[in-house]
Amino acid sequence: MELSEILNELGEDRSLYFNAVAPPLLQTSNFAFPTVAALRSAFADEMGGYIYSRGLNPTVDILRKKLAALDGAEDALLFANGAAAIFAGVLPFVKKGDHILSVRSPYSWAQKTFDQILPRFGIETTYIDGTDIRQFEEALRPHTTFIYLESPNSWNFALQPLAEVAALARARGIVTLIDNSYCTPLHQRPHELGIDLCMQTATKYIGGHSDTLGGVLTGTHERIRRIFELDYLAIGSGLSPFNAWLLLRGLRTLPVRLERISRSAATVLAWLKAHPKVDRVLYPLDPDFPQYDLARKQMSGAGGLFTCTLKGGTPERITRFCEALRHFLMAVSWGGHESLILPKCAGIDPAAFDPSNMEHQYIRMYVGLEEPEYLIRDLEGALALV
């Protein structure tokens, strides 16, 4: 199916809502039935219709169909945020005594799930660097049932060889899940490489305006139904109709926003690489990136997020630089219209800062929809004070 059809037509039947160009927001919590037989049929298969918006809702369903198609997946579920999508994607496929294999330093709430929640139920997680298939082979155990991937990582942008990991996992009946928030399905297609479940934080590029939260999980009908029929309904972490409506609006412009952001990021990144006070820049599609060849193989684009370090990157110099910026907002997340900066040391006790640990010096930057020259002038002024 063509991208334009997915974004502008799929799931939309305008004859049902007065031929309105934009789909309506159906904010209802409840749905009525004309007969007991119809209600009984709905109870028998809640995924086949509408009963209560904790499960399915018509506005949410339009977005659900579009996001499944974008991923090249059979089906999708939508969640209140990305963390909820991760939790629901893992929980149905593990049980007491199972072992999870995860990439090192995943999204913080994924790691909290693995480190603090699942151990209470007898589920253990091992972390690996994951940049080489041999690391996966060596870390597997007889009771490994789940592999969690994040490619690229959102700080150092480490990649995993997705096709090789998928083949290894399928040969052993292990379920794989990837956080694809960094790339979106426009820049990376994990299902085509054999990954079972694909997650995105829709809050970021899909929303695009930093005004709503959302998460998406895609996979086969069988796996999505397994999640829906118990964990999804019991936990109650589904996406609200209003947030779905906002995400539909953002989705319309996803290709043009990603194109503009990627182009501007390349300009800003090239300028930073040439600056004498910048030590290092990390970006998957930069030819100097350690896994550049794998990135080119798996990804068609890299968006606006990258990391840099300063020469002599002490907490004081990093703080001075970040606080001198006027057009980069200091905030978490990415994917909106606004450019952002996030120093890693903000999450580290100053007494624990280790200047020999390069990760402690990371400054993550996101280039939004501003003109790149406007952002470069801001960076130039801030670097002059370092």
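Predicted model: local features only at pLDDT ≥ 70, side-chain atom pairs only at ≥ 80, totals over all residues.

Colleague: Which residues form a nonpolar patch on the surface?

Modeller: Leu25, Phe242 and Trp245 do, with about 250 Å² of accessible area together. That area is from the Shrake-Rupley method with a 1.4 Å probe, and for residues only the protein chains shown count as cover. Patch members have over 30% relative accessible area and no salt bridge, and nonpolar side chains (Val, Leu, Ile, Met, Phe, Trp, Tyr) are joined within 5 Å. A salt bridge here is a side-chain nitrogen of Lys or Arg within 4 Å of a carboxyl oxygen of Asp or Glu.

Colleague: Where is leucine 25 found?

Modeller: In the loop between helix H1 (3-8) and helix H2 (36-44). Helices (H or I, at least four residues) and strands (E, at least two) are DSSP runs, numbered from the N terminus.

Colleague: And why does leucine 25 count as partly exposed?

Modeller: Because its relative accessible area is 33%; buried means under 20%, exposed over 50%, and partly exposed in between (1.4 Å probe, protein chains only).

Colleague: What about phenylalanine 31, buried or exposed?

Modeller: Phenylalanine 31 is buried, because its relative accessibility is 19%. It's in the loop between H1 and H2. Its C-alpha atom is 6.2 Å from that of tyrosine 52, 21 residues apart along the chain.

Colleague: Switching to the sheet: in what order do the strands go?

Modeller: Seven strands make an open, mixed sheet, in the order S1-S7-S6-S5-S4-S2-S3. Strands S1 (75-79) and S3 (124-128) are the edges, each pairing on one side only. Two strands pair if DSSP finds at least two bridges between them.

Colleague: How many bridges join S2 to S3?

Modeller: Five, and those two strands run parallel. Isoleucine 100 of S2 stands opposite threonine 125 in S3.

Colleague: Which way do the S2 residues point?

Modeller: His99, Leu101 and Val103 go one way, Ile100 and Ser102 the other, and all are buried. In a regular strand, side chains alternate between the two faces of the sheet.

Colleague: Last one: how many residues of helix H4 are buried?

Modeller: Seven of its nine (residues 82-90), including Ile86 and Val90.

Terms used
Residues numbered from 1 in each chain as written. Heavy atoms only, no water. Patch = residues over 30% accessible without salt bridge, like charges linked within 9 Å, V, L, I, M, F, W, Y side chains within 5 Å.
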